[in-house]
Amino acid sequence: RNRSDAAEKAALGPSVAPTLPALESRLLEATVREGLEEHLALSGAYPASLETLVAEGLLSGKLLTGAHAEGLTYRPARGGRSYSIERSRP
């Protein structure tokens with residue numbers, strides 16, 4: 001019985017379920033993006049830096065530290081109408 005269970009699992013292929021750290025990383029990025037969108041709604045433009053979100057109470061210092069630890073880099077476009085977030089860590 002165990003042998004057939006193992007064969008059945010092998011036939012299904014590798015698991016595609018994300019790991020807990022990967023989920024936490026995605027949640028962190030989503031929280032940063034939410035703060036950016038809230039700033040846009042309040043001020044009409046994206047902030048110059050993520051530190052601005054912390055100063056305005058839209059993001060905690062702990063989350064900012066986590067974003068830096070995850071290698072997230074925020075870059076607002078000229079005029080503050082768009083932005084990019086890049087990840088230096090996989």
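Where does L58 lie? L58 sits in the loop between α3 (50-55) and α4. Helices here are DSSP runs of H or I with at least four residues, strands are runs of E with at least two, and both are numbered from the N terminus. Before we go on, note that this is a predicted model, in which local features need pLDDT of at least 70 and side-chain atom pairs count only at pLDDT 80 or more, while totals for chains, interfaces and linings use all residues. Residues are numbered from 1 along each chain as its sequence is written, and side-chain values use heavy atoms, with hydrogens and water left out.

L58 has a relative accessible area of 16%, so it counts as buried (buried means under 20% relative accessible area, exposed over 50%, and partly exposed in between, with a 1.4 Å probe and protein chains only). Which residues does L58 contact, leaving aside neighbours within four places in sequence? They are G35, E38, H39, L42 and L53, where contact means heavy atoms within 4.5 Å. Take H39 as an example: 19 residues separate H39 from L58 along the chain, and their C-alpha atoms are 7.5 Å apart.

Now look at helix α2 (residues 20-43) and helix α4 (residues 61-69). Their axes come within 10 Å and cross at roughly 120°. Such axes are lines fitted to C-alpha atoms, for helices over the stretch in contact, and the angles run from 0 to 180 degrees between N-to-C directions. α2 and α4 are therefore oblique to each other; angles under 35 degrees count as roughly parallel, over 145 as roughly antiparallel, 65 to 115 as roughly perpendicular, and the rest as oblique. On the α2 side, the contact is made by L28, T31 and V32, and on the α4 side by L63, G66 and A67. These residues divide into four nonpolar, two polar and no charged. In this grouping, Ala, Val, Leu, Ile, Met, Phe, Trp, Tyr, Cys and Pro are nonpolar, Asp, Glu, Lys and Arg are charged, and the others, Gly among them, are polar.

**Salt bridges**

Side chains of opposite charge can pair when their charged atoms come close. A salt bridge is a side-chain nitrogen of Lys or Arg within 4 Å of a carboxyl oxygen of Asp or Glu. How many salt bridges does the structure hold? There are four, and the table shows three of these pairs.

| Pair | N to O distance |
|---|---|
| E29 and R87 | 2.5 Å |
| R87 and E70 | 3.5 Å |
| R75 and E86 | 2.7 Å |

E29 is buried at 18%, whereas R87 is partly exposed at 30%. R87 also pairs with E70, which lies in the loop between α4 and β1 (72-76), 17 residues away. E70 is buried, with 19% relative accessibility.

R75 in strand β1 and E86 in strand β2 are eleven residues apart. Are these two buried or partly exposed? R75 is partly exposed at 41%, and E86 is partly exposed at 40%.

Which residues are linked in a network of salt bridges? E29, R33, E70 and R87 are. Two of these residues, E70 and R87, are also touched by S25, not counting residues up to four places away in sequence. S25 belongs to helix α2 and is buried at 9% relative accessibility.
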